[in-house]
Amino acid sequence: MSENNQYFNTNTSTWNDKVKIHAKSDIYAMEAFKKGRSSLTRYELDALGDVKGKSLLHLQCHFGQDTLSWSRLGAKCTGVDISDDGVKLAKTLNDELNLDAEFICCNVLETSQFTKETFDVVFTSYGVIGWLPDLKPWGKMIAERLKKGGTFFMAEFHPIVWMFDYLKDQPFMKYGYMQDEVIYEEYKGTYADENSNMVSKEYTWNHGLGEVVSALTEAGLHIDYLKEYHESPYNVLPDLVKTNSGMFVTKDKLYPLIFAVKARRL
């Protein structure tokens with residue numbers, strides 16, 4: 001675990017740097033968000049429906065826009081993130097917008113050490129599980145934090161997406177679908193601002209769909225569905241094409257960009 005802690009520390013430092021840049025970026029559209037624009041996408045909105053009056057735990061919440069968007073819809077929200085700068089900004093936004101969300105700064109795998117509350121909904125989305133070396137403790141934690149009958153939902157970039165190296169002019173397949181070894185990348189900029197002078201230093205891990213589903217079922221959750229989609233809500237990969245619906249697809253649609261899992265604690 002000591003080696004993983006070194007990876008986590010590096011990632012935390014990078015995410016702290018990203019907070020400053022992302023908060024000013026077009027992708028996060030902070031001023032529009034403050035004026036009422038929701039940061040949630042159709043996948044999670046369709047999956048979870050009316051959340052008014054429900055308790056919701058948002059894992060790996062960055063600086064809390066999705067958490068606060070759920071709060072605006074009437075959920076009683078708690079957001080968790082490893083970045084102390086992210087959590088600090090989330091708390092500031094919560095106060096500025098007169099919402100009642102709470103935020104916890106911790107490694108997501110250690111969430112159960114920081115809250116014993118159980119929730120109607122556990123939610124996570126878009127670029128989250130790749131920061132975790134092992135999904136079994138992640139699945140166990142989700143089951144611990146769900147009420148009986150509670151719902152878990154995740155929307156995430158498809159594992160095929162992470163098999164490619166996008167740092168070259170032409171993306172090429174470099175990493176294994178079920179690769180166990182940690183992946184290290186160091187590059188200038190961030191997905192929200194490629195022209196930024198910050199240097200992103202990132203340790204990540206690839207997880208196939210079988211690993212995701214098994215981590216949840218072995219923790220005792222019942223899978224309602226696993227769906228795959230060509231369309232991504234975010235233009236975060238090179239050369240994506242914008243559709244009439246405002247989503248993004250690859251030119252050839254040879255592989256999906258997004259998957260979604262909905263599960264319940266019975």
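Helix H4 (residues 65–72) is mostly covered, with 7 of its 8 residues buried, where buried denotes a relative accessible area under 20%, exposed one over 50% and partly exposed a value in between (1.4 Å probe, protein chains only). Helices (H or I, at least four residues) and strands (E, at least two) are taken as DSSP runs and numbered from the N terminus. The structure is a predicted model, in which local features need pLDDT of at least 70 and side-chain atom pairs count only at pLDDT 80 or more, whereas totals for chains, interfaces and linings use all residues. Residues are numbered from 1 along each chain as its sequence is written, and side-chain values use heavy atoms, with hydrogens and water left out. The buried residues of H4 are Gln-65, Asp-66, Thr-67, Leu-68, Ser-69, Trp-70 and Ser-71. Just after this helix, Gly-74 adopts a positive phi of about 105 degrees.

Most residues other than glycine have a negative phi. Ala-29, although it is not a glycine, has a positive phi of about 40 degrees; its place is in the loop between H1 and H2, and its relative accessible area of 16% makes Ala-29 buried. Tyr-126, likewise a residue other than glycine, has a positive phi near 55 degrees. This tyrosine lies in the loop between strand E4 (119–125) and H7, and at 11% relative accessibility Tyr-126 counts as buried.

Aromatic contacts were assigned by pairing rings of Phe, Tyr and Trp (its six-membered ring) whose centres lie within 6.5 Å, with planes under 30 degrees apart counted as stacked, over 60 as edge-to-face and the rest as tilted. By this rule the count comes to 16 aromatic pairs. One of them joins Phe-8 and Trp-205 in a tilted arrangement, at 6.3 Å centre to centre and with 55 degrees between the planes. Because Phe-8 belongs to helix H1 (residues 2–22) and Trp-205 to the loop between strand E9 (199–204) and helix H8 (209–218), this pair ties together parts that are 197 residues apart in sequence. Both Phe-8 and Trp-205 are buried. A further tilted pair is formed by Tyr-28 and Tyr-191, at 6.5 Å centre to centre and 50 degrees between the planes. Here Tyr-28 lies in the loop between H1 and helix H2 (30–34) and Tyr-191 in the loop between strand E8 (183–188) and E9, so the contact ties together parts that are 163 residues apart in sequence. Tyr-28 counts as buried at 16% relative accessibility, whereas Tyr-191, at 31%, counts as partly exposed. Ring pairs also link Tyr-7, Phe-8, Tyr-184, Tyr-203 and Trp-205 into a cluster.

Charged side chains were examined against the ring faces, a charge being placed over a ring if NZ of Lys or CZ of Arg is within 6 Å of the ring centre and within 35 degrees of the ring normal. Arg-72 lies over the face of Phe-33, at 4.5 Å from the ring centre, and Lys-227 lies over the face of Tyr-225, at 4.2 Å from the ring centre.

Helix packing was described with axes fitted as lines to C-alpha atoms, for helices over the stretch in contact, and with angles running from 0 to 180 degrees between N-to-C directions. Helix H7 (residues 136–145) and H8 pack at an angle of about 45 degrees, with their axes 8 Å apart. That angle makes H7 oblique to H8, since angles under 35 degrees count as roughly parallel, over 145 as roughly antiparallel, 65 to 115 as roughly perpendicular and the rest as oblique. H7 passes H8 in a right-handed crossing, the term for a near helix turned clockwise from the far one by less than a right angle, with left-handed for anticlockwise.

A search of the whole structure for disulfides, defined as pairs of cysteine sulfur atoms within 2.5 Å, finds 0. Cys-61 is in no disulfide, the nearest cysteine sulfur, that of Cys-105, being 9.3 Å away; at 4% relative accessibility, Cys-61 counts as buried. The sulfur of Cys-77 is 10 Å from the closest cysteine sulfur, in Cys-61, which is too far for a bond, and Cys-77 is buried, with a relative accessible area of 0%.
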